[in-house]
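Work through the exercises below with the sequence and the structure at hand. Each task is followed by a solution in steps.

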Amino acid sequence: MEAHLVDWSRAQFALTAIYHWLFVPLTLGLGFIIAFMETIYVKTGDEFWKKTTKFWMGLFAINFAIGVATGLIMEFEFGTNWANYSWFVGDIFGAPLAIEGLLAFFMESTFFAVMFFGWDKVSKKFHLLSTWLVAIGSNLSALWILVANGWMQYPVGVKFNPDTVRNEMNNFWDVILSPVAITKFLHTISSGYIMASLFVVGVSAWFLLKKRETKFAKKSMIVGATFGLITSIFILLTGDESAHQVALKQPVKLAAMEGLYEGKEKAGITGIGILNPKKNLNNDEESYLFEINAPYALSFLAFHDIDSFVPGLKDLVYGNEKYGIESVKSKMLKGKIAIDALKEYKEAKKSGDMVSQLTSKSILEKNMKYFGYGHLKKPEDVVPPVAITFYSFHTMVALGTWFFLLFVLILFFSIKREISKYKLLLIFSIVSIPLGYIASEAGWIVAEVGRQPWAIQNLMPVGIAVTDISSTSVQATFFLFAVLFTLLLVAEIKIMLKQISLGFEGGH
Amino acid sequence: MFENLTLLQLQQYWWIIISLLGGLFAFIMFVQGGQTLLGRLSKGDETLKTMLINSLGRKWELGFTTLVLFGGALFAAFPLFYSTSFGGAYWVWMAILFCFIIQAVSYEFRKKANNFLGQKVYELFLFINGSVGVILLGIAIATFFSGSSFSVDTNNFSHWHGSYRGLEAASNIFNLSLGFALFFLVRISGALYFINNIDNETIKQRAIRSIKIDMLFFLFFFLIFLYLLLSKSGFAYDNNGLVYYQEYKYLYNFVEMPIVLGMFLIGLLMVIIAVFMTIHFNKTCCIKTAGVGIVLTVMALFLNVGLNGTSYYPSFYDIQSSLTIQNSSGSHYTLTTMSYVSLIVPFVLAYITYAWYQMDKVKITKDEMENSHTHKY
């Protein structure tokens, strides 16, 4: 496949994923916030909470529609742009997608209609149940798609079948209970909850600054900040486990996240740093132009042991005998052996030579875990873009810390003081809405850019996964999507802002 | 339970599920059909248009969801089709996706203040989704019978051999006839849905007039499709998987699978009865009869093309690359696992029906659109 085609296909998928992820986090979190508010309404019968619920629900709907639209594209892009991938892993990857549609998406969309149009048509309790089911449905939807994504990062529960030339599922539970998938799910949904909390807090802060709807804004702020604080603590735990899983299953990604070229024992973590752009795998330049390092932290984060050795990019690419790390060159050789064995297997099968068939199958099985390496051109190909991964990771962590602090401050001043007097804090709250989106997108960039060049970790590089199509076609659809999504995004932002400015009574 | 089934039985089970989903999707596309009738039924009256859009808007997600599930189920059960068709007929599928993206936002954004593109643009989006989207879907589905130009290599990676990447299917009369037949069918079901869901005499009378015209067009295109289908050679395969042309294959399939033929005829008859009862006896509940009819008819067509030793996605570039339910399916383990998941389908259908029933107990009225403070499109 032409490199140009691979790059455009990657760009198109990245574009779709980034746009899709602009809308999903808010849906994931706001669904629960609305459900909490409606629960208060049903429990107390206080009309104020009904109006509050309806206000946030109106914003939820605007966001939901465009999230659904971009999600549809993503599902079909696996086939349109990554056809070879679709066959290679369809036996496993298709299942979570189908289950998502059946178990989660139907629940979400069926009860979405009741949630919005059923206020005067169904009982209060059935309506409340519908609101909860929409929230649960959207989160279940995330579960299944993240199970599928987790499998791409850490392929388990499968066996390669040389007759069909694909990976076939042999343990469904291994797939859905994979530690990578579970951690990814928990970390991702909690980031969505934080995003939604920031949204509620920020919008409420705007009302307070404008001295409008103050009761509504203060109450909403407390709900949002409480939810945000709880999930901020939770995301710390899932983030820690996530980094641990990356260290175990995708060490190259971890090294890129930290800009770590030389492996170290008692490795420190870079709190703030600027990478040296001149640094590469084959020179002795310093890794950083500037760095503030927390000693031992990376060793602890990666392996929960402050003395542990964290391999750097050089160790992982060129090997490190002392720590038993195999070089990529050696893996590439084994990968080529696997690919050749597969060819021999097919030829032997065609000619009916059973002995050769068994021999080549045995060689293939022995080397299968390196299969993807056989397609690489040079060892350095396994290194993802370091700078993007590094800065995305540090942006995510820094902003996550800020959000935790913000929720603490908001809750403190809401409960102990008159929060509307603290204008700077209110301004910070508003500014934190876009920061939330940046953090959330940065998280995805770490996860997805950090695993390049693999479509399926160690098994299939993106160059093999791509559809055999002209790059012009992909370029054309890239720009069409870019224009369409941008138009829709602009429309959403303008509508959202207007709906917010209409306020508590006029927002629906 | 499912573990004891053979791989072929599982493949057949899954083809039946895919066929059912195809049928349900065709039924749910009354939303798309309704979207193309907005102008004709409202004739510029904003209140009537609001009633029509709100009636459809409470159902649009179901169509979207069915499309997602249809895609997901094909991916899981028949991954080689997924990779071949979506990757190959790239432009057709991309065009269909575009038509669906613009639908998703239109209901919610159309009437909102500061909506940037303007109300008319979103209404145009709805029309494009209901017309171009549906016709293209019909064309794409027709290629299940007429075939496409692709080959599959020894790694089961597919390669397309037409420079128009699927758009060439739109130049085939057979494919077009199904595309247009589907377009007029969904308009009929859209009109039947409005008659059932909206309490307004003007809309009802206009919908009936619309059905009369659309039924004629539907029958015209559908009979062309049917004639071409039943008189054409099909792509059969033997026990060794060898694909060959067989004259009147699809006609024989109906004869050799009388249950499928029965489903097809009963389905068609139900659609005709539904239309007749609506036009002549002013009935308002015929969307149900027509709905079951559409599901049965479309399901029967899918069963015809996938079962009885027929290649459901033929290649006219390399006939041996043609896809059958046997050479394109997931493994025994995956199909078994998915089969257990499929047992949830009746529960999903049950809660959809219940929620639908709860929401539609009271029909949409002018008063509700003008005076209610609930969420509106």
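**Exercise 1.** Are R187(B) and D214(B) buried or exposed?

*Solution.* The model is a predicted one. Step 1: buried stands for a relative accessible area under 20%, and exposed for one over 50%. Step 2: R187(B) is buried, and D214(B) is buried too. Step 3: the side chains of R187(B) and D214(B) form a salt bridge, with 3.1 Å from N to O. Step 4: R187(B) belongs to helix 9 (residues 173-197) of chain B and D214(B) to helix 10 (residues 201-231) of chain B, so this pair ties together parts 27 residues apart in sequence.

**Exercise 2.** Find which parts of chain A are tied together by the salt bridge of E418(A) and K218(A).

*Solution.* Step 1: the two side chains meet at 2.8 Å, N to O. Step 2: E418(A) sits in the loop between helix 13 (386-416) and helix 14 (423-449) of chain A, while K218(A) is in helix 7 (residues 214-249) of chain A; the pair therefore joins parts that are 200 residues apart in sequence. Step 3: E418(A) has 30% relative accessibility and so counts as partly exposed. Step 4: K218(A), at 28%, is partly exposed.

**Exercise 3.** Describe the surroundings of the salt bridge between D284(A) and K314(A).

*Solution.* Step 1: the N to O distance in this salt bridge is 3.8 Å. Step 2: D284(A) lies in the loop between strand 4 (269-275) and strand 5 (288-294) of chain A, and K314(A) in helix 10 (residues 313-318) of chain A, so parts 30 residues apart in sequence are tied together. Step 3: D284(A) is exposed, with a relative accessible area of 73%, whereas K314(A) is buried, with 15%.

**Exercise 4.** How many salt bridges does a search of the whole structure find over all chains, and which residues are linked in a network?

*Solution.* Step 1: the search gives 21 salt bridges over all chains. Step 2: a network of salt bridges links E46(B), K49(B), R110(B), K111(B) and E123(B).

**Exercise 5.** Decide whether the radius of gyration of chain A agrees with that of a compact globule.

*Solution.* Step 1: for 508 residues, a compact globule would have a radius near 23 Å. Step 2: chain A has 25 Å, which agrees. Step 3: along the principal axes, the C-alpha atoms of chain A fill a box of roughly 80 × 50 × 40 Å. Step 4: 62% of the 508 residues of chain A count as buried. Step 5: the secondary structure of chain A consists of 16 helices and eight strands.

Note on methods
Residues numbered from 1 in each chain as written. Chains lettered and ligands numbered in written order. Predicted model: local features only at pLDDT ≥ 70, side-chain atom pairs only at ≥ 80, totals over all residues. Heavy atoms only, no water. Helix = DSSP H or I, 4+ residues; strand = E, 2+ residues; numbered from the N terminus. Rg over C-alpha atoms; globule rule 2.2 N^0.38 Å. Buried < 20%, exposed > 50% of the residue type's maximum accessible area, 1.4 Å probe, protein only. Salt bridge = Lys/Arg side-chain N within 4 Å of Asp/Glu carboxyl O.
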